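Dear colleague,

I am handing over the structure below. My notes on it follow.

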Amino acid sequence: MNSVQPIPVVVLSGFLGSGKTTVLNHLLAHRGGTRIGVVVNDFGSIEIDAMSVAGQVGDSMVSLGGGCLCCAVDGSELDAYLEKLAAPVHRIDVIVIEASGLAEPQEMVRMLVANENPAVRYGGLVQVVDAAEFDATRAAHPETDRHLAVADLVVLNKTDRVDAAERARIEAEVTALAAPGTPLVGADHGRIDPELLFDRRPWTETRGQLSFEDLLTEAGEHAHEDGEGHAGHAHTAYESLSFTTDQALSPRRFLDFLDRRPAGLYRVKGFVWFGVPGHRERYEVHAVGRFLRFDPGPWGQGEPRRTQLVLIGKGIDAPGLLGELEACREADPGRALPESMWGVLRYVPRPAETGVEDES
Ligand SMILES: Nc1nc2c(ncn2[C@@H]2O[C@H](COP(=O)(O)OP(=O)(O)OP(=O)(O)O)[C@@H](O)[C@H]2O)c(=O)[nH]1
């Protein structure tokens, strides 16, 4: 639909590993005839999330890599991306911004509300919550409550990882924290009804959004509390490091590295090249807390075989971790025994499975 109506811009937010990319991929896979423009704001200098969704959106995606959108000084960078996506040639119906897992969603909402481009309008804030990590995330990151309070729609994801009683308890808590009337939908692997987002008269109308004045007031309170304007942001305490190598990784050494990962290393994501005979696929790795999963998949045509990882953590010894990863490199993977992959394969879900709990 190529209408003169402004294109709604939806912000997909949620803590690290809550399932934003999964939700986005689900939306893209079930978008029907709707054209979705995507802005991925990854935290880390390698744009892993952008790569995860890239196959699905082609030209309609732009990526803001290597930083946090909510810290863009004046939003002009964001405005430029939105302008590009909103160009009539793309015939985009809705734009989804996948925020970095460490972003302050209010900052983005503010930037979008302040955007003067008549071709786009703010379309709501979707907050993705990890049901299995709900208590832990709230305890470690009190700002979670604030994020829920400004959400227009809350997606309680990973419901497969909690039982019915636990889910009911979390739903009650989320409902109490969110603004009255905020819809809450449960999801397993991000499977939400795309209609929630693609409807041009969406759920955002079921309750009042933050007014422009509210946003400006809060902007005034927030700005420059620490001299740099980032006080209270979840990511001020976080560190992100990236590791790339064209050499293969030894599956045993890499698994050992993951088994021993420090508690402060909250997230590991990326793609791994093991190159072991019989296992020459590209292995996508996701570690969230103690959760670990590998997903083998084909390499893109002409895609160089390499490993690209982003590690996000708090109080981590970055040089030490990089040194350990370097020690995982394997010069001659072609000589490795297929059995050396067994440790990795333990974390590859079988077709009927959804994830594998790390027991280590
Ligand atoms: N069991 C289970 N796993 C899920 C579900 N949704 C997502 N996951 C897994 O959780 C991990 C993190 O999901 P992502 O979609 O990458 O999370 P994210 O919020 O985009 O993560 P960041 O980009 O680090 O902020 C992946 O391994 C997903 O496969 C779910 O509903 N149930």
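A residue is called buried if 20 or more other C-beta atoms lie within 10 Å of its own, exposed if 12 or fewer, and partly exposed in between, with C-beta atoms placed from the backbone. By that criterion, buried residues make up 42% of the 360 residues in the protein chain. This is a predicted model: local features need pLDDT of at least 70, side-chain atom pairs count only at pLDDT 80 or more, and totals for chains, interfaces and linings use all residues. Residues are numbered from 1 along each chain as its sequence is written.

The protein chain has 12 helices and 14 strands (DSSP runs numbered from the N terminus; helices are H or I of at least four residues, strands E of at least two).

Strand E13 (residues 307–313) is largely enclosed by the rest of the structure, because 6 of its 7 residues are buried. It pairs (at least two DSSP bridges between the strands) in the antiparallel sense with strand E10 (residues 265–273) over 6 bridges, and Gly270 stands opposite Leu309. Strand E8 (residues 239–245) also runs antiparallel to E13, joined by 7 bridges; there Thr244 stands opposite Gln308.

Regards
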